[in-house]
Amino acid sequence: MSTDDGTPAQRTRSWAEPFKIKMVEPLKMTTRAEREVAIREAGYNTFLLRSEDVYIDLLTDSGTNAMSDRQWAGMMLGDEAYAGSRNFYHLEAAVQELYGYRHLVPTHQGRGAEHILSKIMISPGDVVPGNMYFTTTRLHQELAGGTFVDVIIDEAHDPTNLHPFKGNVDLAKLQRVIEQHGADKIPYVCIATAVNMAGGQPISLANLREVRAMCDAHGIRIIHDATRVAENAFFIKEREPGCADMTIAEIVRAICDLTDGCTMSAKKDALVNIGGFLALNDDDLFDAARNMVVIYEGLHTYGGMAGRDMEAVSIGLHESVEYDHIRARVGQVAYLGRKLQDAGVPIVVPIGSHGVFLDARAFLPHLDQDTYPAQALAAEIYLDSGVRTMERGNVSSGRDPATGENRHPRLELVRITLPRRVYTQAHMDVTAESIVEVY
Ligand code: P70
């Protein structure tokens, strides 16, 4: 039951996490001398650190969530049948009820769904427009012979621009891609919610409606990366005119209803440690996906997930749209972000949904992008306090497959990502103090 109705007057009051802690996992504290050895052995790459050597782990919000007692109880109800597991039907019902898509294909995680989708929908020479790339999504599109084209609004590439919906599609850019390549070369438009590489920035319902209208006019499908759709829905409720009285569940459903299917990494919004799925409305595409998943993931009623994991996902999906949960989740990110802002640390604004993103160019203006400023900054923060963060810049962006040159993305960021329901505000205080110290 919500303790407040989300009205502006209520929002000025303090709030706390809508849960209490039932089990704890001790953390190891390290000395600076120990961290110097650990980061050197990791080649100054925070991905290669051992988790044992990390104090507060803010590398990612992916699969790092704490499950609820209801989810753990669900784990005990796993039906580990090879075919037709009861938990598959629970998950199918949750996806149909909350997202509204008709068909479900479970996969081991999000990229498994991207792989299947890219294989069944993309032909060599195709073009896939999207609101900014995501690493695994674009790679699967390329492996299937497609080319990703970025159609996000320009504001998304500017860390200081305060646009409330930096995940929006630039309709003129999309129109140009359609005119240039022709609708028959565009198998679908890929729409992410809470755009990860832009800093966890939302797309508005109004913009998505316009994208839908343009795609309908050309007979193009829209596939939604729903990985953080509930977080996007929270921003719509807060910021989009006419949406303040909608529930998170209603907004999530409205987003999904404007799209033809989704890929999902359940390791984020759905509050589990592993899992994902592909959901589709079209019968023929579903058939193709079901045949393909058997080759790469597992039979179509488990797709690489244990029955118990499917149960945890279906419960987590319901929890993800609870208002108190999502407000505390996004609110904790905002708490950390505001602390950094107050100290003058350059971060991407508006503060995103799943993490605070440091602007490494502004943080370390003396470093050339080919000396990897974001990578250096992540290493330095680890050295200072044992807090692990993630490079999201020239290293993550990779090299152009044709030229072999660094891609030099405009955003050179360090992501401080918050696992859901794992750390306390005191952990946020320690993290903020460390980053301010490094700054
Ligand atoms: C992260 C993770 C995963 C992800 C995502 C979006 C918007 C799909 C996926 C894939 C993990 C990650 C992946 C590649 C590089 C760095 C980190 N994001 N779409 O930390 O889902 O991981 O389940 O296969 O954010 O942001 P999955």
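Which helix lies across β9 and β12, and at what angle to β9 does it run? That helix is α13, which runs at about 25 degrees to β9. Helices here are DSSP runs of H or I with at least four residues, strands are runs of E with at least two, and both are numbered from the N terminus. Axes are lines fitted to C-alpha atoms, for helices over the stretch in contact, and angles run from 0 to 180 degrees between N-to-C directions. Contact means heavy atoms within 4.5 Å.

A word on the model itself. This is a predicted model, in which local features need pLDDT of at least 70 and side-chain atom pairs count only at pLDDT 80 or more, while totals for chains, interfaces and linings use all residues. Residues are numbered from 1 along each chain as its sequence is written, and side-chain values use heavy atoms, with hydrogens and water left out. The predictor's confidence in each residue, pLDDT, goes from 0 to 100. Its average over the chain is 96, and 97% of the residues score at least 70. Residues 1-5 are another story: pLDDT stays under 50 there, and the model has nine contacts beyond four places in sequence for them. Where pLDDT is low, the predicted coordinates should not be read in detail.

Back to the strands. β9, β12 and β11 form an open sheet of three strands, in the order β9-β12-β11 and with antiparallel pairing. β9 (355-359) and β11 are the edge strands with a single partner each, so one side of each has no neighbour in the sheet. From one strand to the next, the twist averages 30 degrees. Two strands count as paired if DSSP finds at least two bridges between them; β9 and β12 (residues 413-417) have five, in the antiparallel sense. Across this pair, Val 356 of the sheet stands opposite Ile 416 in β12.

Most residues other than glycine have a negative phi, and most peptide bonds are trans. The peptide bond from Val 349 to Pro 350, however, is cis, with omega near -10 degrees, and Pro 350 sits in the loop between α13 and β9. Tyr 372 is not a glycine, yet has a positive phi of about 60 degrees; its place is in the loop between α14 (360-363) and α15 (373-385).

On a 1 Å grid over the protein atoms alone, a cavity is a set of points where a 1.4 Å probe fits but cannot get out, and a pocket is an open set with protein on both sides within 12 Å along at least five of seven lines; lining residues have an atom within 4 Å of a point. Grid points are joined across faces, edges and corners, and a volume is the space filled by probe spheres set on the points.

The largest pocket holds about 1500 Å³ of space. Its lining has 39 residues, with Met 23, Ala 66, Met 67, Arg 421 and Val 422 nearest the centre. By class, 17 of the lining residues are nonpolar, nine polar and 13 charged, where Ala, Val, Leu, Ile, Met, Phe, Trp, Tyr, Cys and Pro count as nonpolar, Asp, Glu, Lys and Arg as charged, and the others, Gly among them, as polar.

The second largest pocket has about 740 Å³ and is lined by 42 residues, Phe 134, Thr 135, Thr 136, Asn 196 and Arg 392 being nearest its centre. α6 gives the most to this lining, with five residues. The classes here are 14 nonpolar, 17 polar and eleven charged.

The largest cavity has about 100 Å³, and its lining includes Glu 17, His 325, Arg 421 and Val 422. About 70 Å³ lies in the second largest cavity, where Glu 114, Gln 141, Cys 190 and Asp 225 are among the lining residues. α5, α6, β5 and β6 (221-225) each give two or more residues to that lining.
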